[in-house]
Amino acid sequence: MTDSAKCVDVRNVHKSFRRGSEVVDVLNGLNLTVNEGEFVGLMGPSGSGKTTLLNLIAGLDRPTEGEVFVRGEMISSMTESQLASWRTRSIGFVFQFYNLLPVLTAFRNVELPLLLLPLSAAERKKQVLTALDIVGLSERLHHRPGQLSGGQQQRVGIARAIVTDPSLIVADEPTGALDSKSADEILDLLGELRKSLHKTIIIVTHDPRAAARADREIHLDKGQLVTAQ
Amino acid sequence: MKYLFLVFENIRRNLIRTILTGLGTMVMVLVVTLVFTVLTSLDKSTTEKQKNLKAIVTEKWQIPSMMPYSYAQALSEGGADPGDPDAARPDDSMSWGFFVGSTEENPAKRSFENLFFAFIMEPEKARTMLDEVDALSDEEALPLTAAIQKMKDVPNGVIIGQERLDKMKKRVGDRITVFGRNYRDMNLELEIVGTFPKEPARYADSSVISRDYFNRQLDAYQRSHNNQPHPMAEKTLGLVWLRLSDRKAFNKVSEQILKSPSFTSPAVKIETSSTGIGAFLEAWRDIIWAMRWLMTPACMLVLSLVISNAISISVRERQLEFAVMKVLGFHPNQILLLVLIEALLVGVLSGLLSAALTYGLVNGIWGGLPFRIAFFPKFAVPIDALWWGAAMGAATAFVGSFYPAWQARSVKVSDVFARVT
């Protein structure tokens with residue numbers, strides 16, 4: 001496999017946190033590669049390091065040791081400011097609890113990351129409408145999160161994640177707060193994004209049904225990969 | 001600009017809290033504006049001018065100054081020797097005596113409501129020499145000019161400030177009898193011929209009566225008292241104002257007056273009006289100091305704390321949102337700015353609104369701030385108060401919101417989400 005085919009390359013990553021005087025090792029020399037266009041499910045018990053790994057891949061945290069490359073860029077050595085700019089361009093993040101800004105309409109929530117790019121208002125509008133159309137919420141532009149169902153809010157969250165057209169989408173328990181019907185719809189949508197828009201998708205999940213949708217399931221335990229199917 | 005909707009939406013998020021913060025800001029800005037109104041007016045009066053300055057001649061060793069009226073003519077010439085063409089002479093002058101009385105004959109019923117205070121002076125000098133009146137345009141001074149003109153036909157005419165007129169429940173054209181207090185047994189029959197303009201508000205409680213008329217009343221008193229002059233007859237000149245072109249002219253006139261043998265009994269002193277007013281304000285030094293250095297900073301501090309408290313609560317509630325914004329790519333400094341702008345917007349708008357309301361209410365409805373200090377009965381809120389209010393709101397909002405904004409900037413994404421999940 002060539003480096004250009006790799007979307008994510010995690011090399012010998014250690015991550016530890018300090019709790020008072022105690023140092024807790026969460027990831028211990030972990031290596032992982034995710035290819036372009038791949039749909040990966042990260043599974044494991046609570047405290048196994050799934051979310052920590054996801055945060056490292058998304059540039060939300062830095063490893064204590066080791067390197068993280070995303071599409072050839074070593075994000076583990078970027079400054080906070082560089083990481084912020086990089087996240088806008090390269091990563092779409094889907095949260096378990098949607099985390100939409102409650103005071104903003106669906107349109108404004110989706111527009112939020114575009115404000116950071118040098119786009120005109122017309123260009124932003126076009127991209128927001130496209131993203132909301134992809135997730136099937138063109139009719140809910142002016143609704144605030146409180147006026148939408150959980151499934152609809154998560155769709156807005158996904159629209160916000162794809163509106164900047166990132167190559168990588170990471171999702172932390174995207175179906176964790178949804179009923180099974182809505183969860184299936186969201187998983188269908190993620191699958192469709194990967195298929196039609198060729199996105200690389202990494203989801204952290206406890207739900208075996210969600211993981212089953214992935215091309216590859218990766219299991220973590222005590223900060224190490226235990227299996228990869 | 002494209003971020004402004006975020007600021008507005010966040011301000012609208014908890015409207016009650018925003019309104020309460022705004023009201024808190026408005027109250028504090030109101031207090032500081034009123035304090036500044038008094039302080040800046042006093043500062044203005046005590047600031048030394050280099051050109052077109054005014055000098056005050058008063059009795060040297062006694063307060064209140066009570067000089068013989070015979071000094072008036074020579075002092076108004078700056079003590080210049082009539083035969084010396086090279087002597088320095090003032091550009092203009094005005095003599096003041098003071099008549100204090102009451103419109104109530106019965107001493108037991110005399111009160112502030114029926115108090116009468118008048119400058120005994122040359123009426124036409126009210127237009128050219130009275131502080132701030134001399135700066136009015138002809139149009140602004142029109143009612144006063146008309147009243148001065150009328151005093152030529154009505155020797156016992158009196159010009160009374162509108163507020164005093166209202167307190168006395170009198171109107172222009174009415175006649176009043178004033179019973180003297182500092183001039184005992186001298187009662188004046190006066191006809192109200194006009195009022196002072198609304199601005200400057202400092203004359204709203206004062207009056208002007210003619211020096212010629214008053215001198216005739218003193219003569220009448222003497223005739224009716226077995227040719228005995230009134231006990232105060234030789235003490236009717238309180239001070240003389242001189243308008244001088246510059247410091248050089250002031251120094252020359254000072255020298256002429258102080259060296260003149262005509263002004264030795266009693267001796268006189270001459271000082272610039274700012275120095276004179278400054279000396280007069282010495283009695284209020286402590287209260288002015290406290291207003292400037294205790295009250296104003298205390299208000300600003302309380303205002304900063306009010307804003308800090310409100311913004312801190314808001315930031316604490318929105319930690320998750322700031323974390324999400326960081327995930328989306330917002331830079332820490334952008335988040336800092338967004339929070340600061342929210343606070344600044346509330347501060348500036350509340351400050352501006354408060355100052356505008358203060359300006360409108362105090363000047364338009366009250367006719368000035370009734371804070372009696374020295375001979376300033378009222379203070380008009382200056383138009384500068386509008387930018388003071390906005391600047392005060394902005395400064396305190398900035399100070400008060402900086403720490404909470406820094407906390408918002410410093411939100412650690414992984415910590416916030418670790419707490420959530």
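**View 1. Strands E1 and E2 of chain A run antiparallel in a predicted model.** Strand E1 (residues 6–19) of chain A is joined to E2(A) by 10 bridges, where strands (E, at least two residues) and helices (H or I, at least four) are DSSP runs numbered from the N terminus, and two strands pair if DSSP finds at least two bridges between them. Within this pairing, Leu27(A) in E2(A) is the bridge partner of Lys15(A). Because this is a predicted model, local features need pLDDT of at least 70 and side-chain atom pairs count only at pLDDT 80 or more, while totals for chains, interfaces and linings use all residues. Residues are numbered from 1 along each chain as its sequence is written, and chains are lettered from A and ligands numbered from 1 in the order in which they are written.

**View 2. An open sheet of 4 strands in chain A has antiparallel pairing.** The strand order is E2-E1-E4-E5. Strand E2 (22–35) and strand E5 (73–74) stand at the edges with a single partner strand each, so one side of each is left without a neighbour in the sheet.

**View 3. Chain B touches chain A.** Here 21 residues of chain B are in contact with 22 residues of chain A, contact meaning that C-beta atoms, placed from the backbone, lie within 7 Å. On the chain B side, helix H1 (4–13), helix H11 (319–328) and helix H14 (413–420) each give two or more residues, and H11(B) gives the most, with 6 residues.

Technical notes: Two residues are in contact if their C-beta atoms, placed from the backbone, lie within 7 Å.
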